[in-house]
Every structure is written in C-alpha cells, then in structure tokens.
Amino acid sequence: MNDRWKPLTRADPSGGSRLAQFPPQPQRAQNSRGGSQHPVYSRHSNGLEQFFGQIGSEPGLRILDLSGASQANIAFITNLGHKLYSEDLLQSLDQAFGDGDFFANQSAPARVEEFLEQSLNFPDDHFDGVLAWDVLEYLAPVLLKATVERLSRVLKPRSCLLAMFHAEERAESIPAYYYRICDGSTLLLTLRQVRRPAQFFNNRAVEKLFQSFESVKFFLTRDALREVIVKR
Amino acid sequence: MWNKRREEDSTPRPPTTPAPAAEAVREVPPAPAPALPIKPAAAEAPRGVAAIGKSVIIKGQILSREDLYLDGEMEGTVEVPEHRLTIGPHAKLVASIRAREVVVLGAVNGNVEASEKIDLRKDAKLVGDIKTGGIIIEDGAYFKGSIDIVRGSEAARPAPSARPVPQPAPAAAAPLVGAASAEPKH
C-alpha cells in the first residue's frame, strides 16, 4: 500500500477497531490564527461545483451550511451575495444525544422532535440550498428519516442539497471533517474527529434515503468520499 | 575541527523530490502567514475604555457614546452606535446589540447589528442573526444563526426599511468578509 494512503491511526473515541481509509497523509498545518494543528487536505469537488451551478447565479439566495461557521465558507457564500445560515449539526447532535447511548437516544420520538425544533427550525420553502456535508452519516435511522423530511420541507422546490458519504463499507469508524470552501470547485477538509457512523450507505441506500426528492446524482471520486447532489 | 565544513557537506540530506500527488486529492502546503494581524484577546478592559466588570448584572438598556467593554451579565439591549463594543470572555448576554464594531469573546444570545464589522474570537459563542458590513470568525468560535452582509451605505443606516438586492462581490478571499464588497465596482 502506498504510504500516502495509510489508515488514520488516531485513537477512536467510540471504541471502534477498524478505521476507514483516511485520504493522503495529511499535513499538519497551522490554522490562520496560529491555533491548534489539525490534519488538512484539499480535494476537487464536482458536487460542490454542481451545487453552485444549480442554485443559480442571482444574488440574495439563502444557503444553509450544516458544518458550522467558518471564515472560508462565510467569505465565499456572502461574496456571491447570498445570505448564509450556519448550524453545526454534529455539535448539536452531541449536545442533544450525547448522554448515554448516542444512537439509542436518537430513536426516542420526543427527543428527535426537540432536536429538530432546536436545530432545524426554519420556515417551509426557506432555503435555496443546503450544504449537509457528511453529517447525515451520524444519524440513527429514526432521526435520519425525520431530519431528511425536515430538510426537504425547508428547501424550496427544485433547490439542491449537497451531502457526502464514505464509501468504505466495513469501516467501524470514519473521519468527520470540517468542510471549508476554497473556491467553487475545491474543498479544504480538516479532520474534526474519528467517530462511528450510524449506518453504512451504499448507492441504493442513498437513493432510498432521498426517494422523496426529485433526483439524486452521484459523483464518484478517487478517495473514499462519495458526493451526492439531490434536488427537491 | 578543521574538517567541519567538509563534514557538513557529507551529511546525508533527505531527497528533495516531491512525492507524487493523487489527481483528485492533494496535500495542502503549510498555511501561509496569517492574513489578519493577530490581536491579543482582550481579557481585560483596555485603559481609558468604559468597562462593566464580570460581577455586574444588568437588565435593561445600555446606550454608550464611547467605546465600551462589557464583561458581565446583561439582558436587554446594548447600543454603541458610533463606537466599538467589546464583549469580554466572562460576559453572558441575552440581548440585541447594535454597534459600529463588535468584538465577541464571551457568550451572546441575540441579534447583532454591526455597521462596520463583527469579530468573533476563539471561544466566543453567538446564537442569533448577524447583520454587518464585515465579519471575522476565528477557528473555535461557535456561531448559530444567519449572516447578512450589508453594503457600505446600507450598513450605516440605523433601521433600514427596504434592503436593496446585494451585489455579488469578487470571489477572491478577503480577510474581512464583506469589506471588499464595499468598494465600487467597475
């Protein structure tokens, strides 16, 4: 195996023994403020390119970013003239369901409803695009179904959602990233943590997940991250 | 001793040939020097600035006509229309804020309107909607809400009733988001 494609050897907080393939040996680069160092790498993203191609070029659109606020994403999206809504869904997940069994907690209907009211409480047909990144992989089936329904509701008809899914089928732990937009077709990925996914998604499972949407488009990549654009 | 130079020359060096990069995925070179000057976190009120200490609790309205450092608990509204408001690391605000410039180091729950810019420092926590001429957000800051970048003259207005459609700005990364968009376009 090429050294540049070694599995990530970071301690797994969820106790998983098998780790997903981590993309190239990440370089430990300092963030712009000289803060803590995290592995980062950049990748070309056809999905991102399609996303911004499909939402339209006129300014004033509403974009929801579920990866948390970052200077890069704010700069890119607001410089296009759009309004950005920021929500760190993974952090909200940990806060809402982190006590006890993380995935079992996501099956309690009352807690699911409370989570959605706190994290995705937006009017119907509000957004022109949603950048969901890889967060859907960490949602247990009950919460996942409710979340996708909620995202479908808050998206305007014919608007787009960008999601990512790891392709490693037997991985017990996968890297979760911060996704930072460098330009319209390039992403900078910073490792956030390694954590256990709720379930594995093959192409059929992804299609089934978004069956209420008008279309699902896959972008196969050379690393272990599949990109999906769904149109409501 | 006399052969020092020769010894140095004979020291094996790592190969300088760069490793081949994958087509779709490439490594990132070390981050360049910070685009923004790193300001010290204002853990204490600067001298000569009006300050409200961390043990003070206020309910109501603050209107300041000079720079203000607020490090206590506050519930209500804060207006510093022509100056800078610094929200200290111990501050807990449930308030709507309006200022020329806002620097956040503590926790704010409420909408913020900063006509010039807002600066969210590491460990800052802001839940609410931001309307500003420019924004700086450090890694580690938590923000939940919407960001509306308003253009020069509009940002200066106290309470705009109708907003013009924002114009797209150059996509080049600017240290201060929204700052570049205030410049005239040709």
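In which strand of chain A is Ser42(A) found? Ser42(A) belongs to strand β2, which covers residues 37–44 of chain A, where strands (E, at least two residues) and helices (H or I, at least four) are DSSP runs numbered from the N terminus. This is a predicted model, in which local features need pLDDT of at least 70 and side-chain atom pairs count only at pLDDT 80 or more, while totals for chains, interfaces and linings use all residues. Residues are numbered from 1 along each chain as its sequence is written, and chains are lettered from A and ligands numbered from 1 in the order in which they are written.

Ser42(A) is partly exposed because 16 other C-beta atoms lie within 10 Å; a residue is buried with 20 or more other C-beta atoms within 10 Å of its own, exposed with 12 or fewer, and partly exposed in between, the C-beta atoms being placed from the backbone. The C-alpha atoms of Ser42(A) and Ala108(A) are separated by 38 Å, and these residues are 66 apart along the chain.

The table sets out the two chains.

| Chain | Residues | Helices and strands | Buried |
|---|---|---|---|
| Chain A | 232 residues | seven helices and ten strands | 41% buried |
| Chain B | 186 residues | two helices and twelve strands | 34% buried |

Two residues are in contact if their C-beta atoms, placed from the backbone, lie within 7 Å. Among contacts with a separation of 6 or more, residues 24 or more positions apart account for 65% in chain A and for 14% in chain B.

Helix α6 of chain A (residues 141–154) has 14 residues and reaches 20 Å from its first C-alpha to its last, close to the 20 Å expected at 1.5 Å a residue, the expected span being 1.5 Å times one less than the number of residues. In α6(A), the residues Leu143(A), Thr147(A), Val148(A), Leu151(A) and Val154(A) are buried. They lie on the same side of α6(A), because they cover an arc of only 130° around the axis, taken from the directions from the helix axis to the C-beta atoms. Their cover includes α5 (109–119), β5 (127–133), β6 (155–166) and α7 (203–209) of chain A.

Helix α3 (residues 89–97) of chain A packs with α5(A) at an angle of about 140°, with the axes 11 Å apart; axes are lines fitted to C-alpha atoms, for helices over the stretch in contact, and angles run from 0 to 180 degrees between N-to-C directions. The helices α3(A) and α5(A) are therefore oblique to each other, since angles under 35 degrees count as roughly parallel, over 145 as roughly antiparallel, 65 to 115 as roughly perpendicular and the rest as oblique.
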